[in-house]
Amino acid sequence: MAKHHFHLTAQWSGGRNGEGTISAGNLQTKISIPTPMDGPGTGTNPDEMLIGAAATCYLITLAAMVERGQMAVLDLSLQTEGVVDVTNGKFTFEQIIHRPTVVLDPQASERERKRIERVVYLAEERCMISNAMRGNVELVVVPTYVLGK
């Protein structure tokens, strides 16, 4: 059984409205509380990083499944939205919505298109970040299919 270890180093200066930095492999950025949550809004924040992790994991998983299945997909793009609920001062990450756009080869058969549609949802189930959040955050996939030229 293989195990992969990932490491992150963080630094913070100041109180709630201070700022910091994180460094993990190729990720190096400033961090702070976002402006909508009454923070300074410099750099990124945990909410953006969570949807970023969920989005990139989903998209990479989908791309790998499309490649392995030699599916008639010309291009993939993604928009992801995170919904945070604030009730009685408690912040809860409630929902992540992935909106992939799948550009299909116009020569793809109906059978092939149905296979691709199935994989679009299956990729979310196979993504390790989604699996880490499942049961705590509602995960939704709302795909759009476009015929390529």
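## A tour from the sheet to the core

Begin at strand β5: β5 and β6 run parallel and are joined by four bridges. Two strands count as paired if DSSP finds at least two bridges between them. Helices (H or I, at least four residues) and strands (E, at least two) are DSSP runs, numbered from the N terminus. This is a predicted model, in which local features need pLDDT of at least 70, side-chain atom pairs count only at pLDDT 80 or more, and totals for chains, interfaces and linings use all residues. Residues are numbered from 1 along each chain as its sequence is written, and side-chain values use heavy atoms, with hydrogens and water left out.

**Stop 1: the strands around β5**

Select Ile-97 and Val-140. Val-140, in β6, is the bridge partner of Ile-97.

Pick Gln-79 and find Arg-99 of β5 opposite.

**Stop 2: the turn at Asn-88**

Follow β4 to its end. β4 and β5 make a hairpin with two residues between them. Select Asn-88, in the loop that joins these strands. Most residues other than glycine have a negative phi. Asn-88 counts as exposed because its relative accessibility is 81%. The cut-offs are: buried under 20% relative accessible area, exposed over 50%, partly exposed in between (1.4 Å probe, protein chains only).

Now jump to Asp-38, in the loop between β3 (27-31) and α1. Asp-38 has a positive phi too, near 65 degrees. With 64% relative accessibility, Asp-38 counts as exposed.

**Stop 3: helix α1**

Colour the buried residues of α1: Ile-51, Ala-54, Ala-55, Cys-57, Tyr-58, Thr-61, Leu-62, Met-65 and Val-66. An α-helix has 3.6 residues a turn, so residues three or four places apart point the same way. The cover over the buried residues of α1 includes β4, β5, α2, α3 and β6.

**Stop 4: the disulfide**

Which cysteine is its disulfide partner? Cys-127 is the partner, with the two sulfur atoms 2.3 Å apart. A disulfide here is a pair of cysteine sulfur atoms within 2.5 Å. The structure holds one. Its two ends lie in distant parts of the chain, 70 residues apart: Cys-57 is in α1, and Cys-127 is in the loop between α2 and α3 (128-133). The link is right-handed, with 135 degrees about the S-S bond. Both Cys-57 and Cys-127 are buried.

**Stop 5: helix α2**

Look for a kink of about 25 degrees, centred on Val-120. The bend at a residue is the angle between axes fitted to the seven residues ending there and the seven starting there.

Buried in α2 are Glu-112, Ile-116, Val-119, Val-120, Leu-122, Ala-123 and Glu-124.

Keep Val-120 selected and show its contacts (heavy atoms within 4.5 Å). Beyond neighbours within four places in sequence, Val-120 touches Tyr-58, Leu-62, Pro-100, Val-102, Val-141, Pro-143 and Tyr-145.

**Stop 6: the cores**

A nonpolar core is a set of buried Ala, Val, Leu, Ile, Met, Phe, Trp, Tyr and Cys residues joined through side-chain atoms within 4.5 Å. The largest has 14 residues, of which Tyr-58, Leu-62, Met-71, Val-73, Val-102, Ile-116 and Val-120 touch the most other members. Which element gives the most? That is α2, with five residues.

**Last stop: Gly-14**

Select Gly-14, in the loop between β1 (9-13) and β2 (19-24). Gly-14 is exposed, with 58% relative accessibility.
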